Amino acid sequence: MRASWYDRQGPAADVLRLGELPDPRPGPGEVRVRVSVSGVNPGDTKKRRGWLGSAMPYPRVVPHSDAAGVVDAVGEGVDARRTGQRVWVYGAQSYRPFGTAAQYTVVPAGKAVPLPDHVGDDLGACLGIPGITAHRAVFGDGPVDGRTVLVHGVLGGVGSLAARLARWGGARVLGTVRRGTDLDRVDPDVVHHTVALDEEDPAAAIRALAPGGVHRIVEVSLFANADLDNAVLANGAVIAAYATEADRTGIPFWPLLFGNVTLRLLGSDDFPEQARRQAARDLTAAAAAGVLTTGPVARYALHDLARAHERVDAGGGVRVLVDLPRP
């Protein structure tokens, strides 16, 4: 099969290789997926460059955890009728060496989720890491019907899906963007009100929209937003943080304590299995109902994988997808 991989960590252009690898075979309880589109996420590029001092977990890594494709072989114990089924894939390179930057990937059968016929491969390839993280951030502490949810970075990969899931779940959704010039990019049919963080007093603006405070915060930068979050939270609220700008992040401990605030930290590779399965079910249902979209997409061919990784590292809220050639 055609694949891209790295045998050492470093800059994308230096370490990513393109070539032929043996076609994988599914073991017991596994399926093989012929990949059509592979989704690239920040976690994939961080693993490749050795972020936070992480070492090579395996001698060779085929990157990427997310994809969409078709089951073309099943292992022992898997219903043979799954062959030919369109699926979206998550967790392919989570504690495993070979992900979805290849014509074929093998995953446990439960991580290849049936994709409704009318849902495109592009959206399927965007549901894994960002979708499951967004679902956990929004619903990890119970239903949000009738609650106010604040989504920071509402134009980002996780943030945009979190806003749509929260709205789908019956929440009143507030969002933030970095600059006032980004406000017109936010969909008002999803986000009830949006505040730019570069305005004079964003906390006051959020408080004016939610005088009783917000009940959930989906947090993309705890380091930058901890004081703002403290200023707008309702008593007993939850901050669900999946990223920060500093390895050691300070928080206003006593005000948060007196507000009975829960700080939930989200590491998608290690979510409880039950939470991942529920997220997969809900994401598929939301996608089938037309609730979810990919947002802006930048696509690359497999031979341009280094450029795809560089685009992810550059940020900007664009979903990066890699098209796989048919075998």
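Asp 7 and Arg 60 form a salt bridge, with 2.8 Å between the closest N and O atoms. By salt bridge I mean a side-chain nitrogen of Lys or Arg within 4 Å of a carboxyl oxygen of Asp or Glu. This is a predicted model, in which local features need pLDDT of at least 70, side-chain atom pairs count only at pLDDT 80 or more, and totals for chains, interfaces and linings use all residues. Residues are numbered from 1 along each chain as its sequence is written, and side-chain values use heavy atoms, with hydrogens and water left out.

Back to the pair. Helices here are DSSP runs of H or I with at least four residues, strands are runs of E with at least two, and both are numbered from the N terminus.

Buried means under 20% relative accessible area, exposed means over 50%, and partly exposed is in between, with a 1.4 Å probe and protein chains only. Asp 7 and Arg 60 also belong to a network of salt bridges that includes Arg 17.

How many salt bridges does the structure hold? The count is 19. One of them joins Arg 164 and Asp 187, at 3.6 Å from N to O. Arg 164 is in helix α5 (residues 157-168) and Asp 187 in the loop between β9 (172-177) and β10 (193-196), so this pair ties together parts 23 residues apart in sequence. Arg 164 counts as buried, at 16% relative accessibility, while Asp 187 is partly exposed at 31%.

Another salt bridge links Asp 304 with Arg 307, at 3.2 Å from N to O. Asp 304 is partly exposed at 22%, and Arg 307 is partly exposed at 48%.

Now helix α2. Which of its residues are buried? They are Asp 44, Thr 45 and Arg 48. Looking down the axis of α2, the buried residues fall within an arc of 90 degrees, so they line one face of the helix. That arc is taken over the directions from the helix axis to the C-beta atoms.

These buried residues pack against α1, β3 (30-40), α4 (129-139) and α10 (305-314), where contact means heavy atoms within 4.5 Å. Just after α2, Gly 50 has a positive phi of about 75 degrees.
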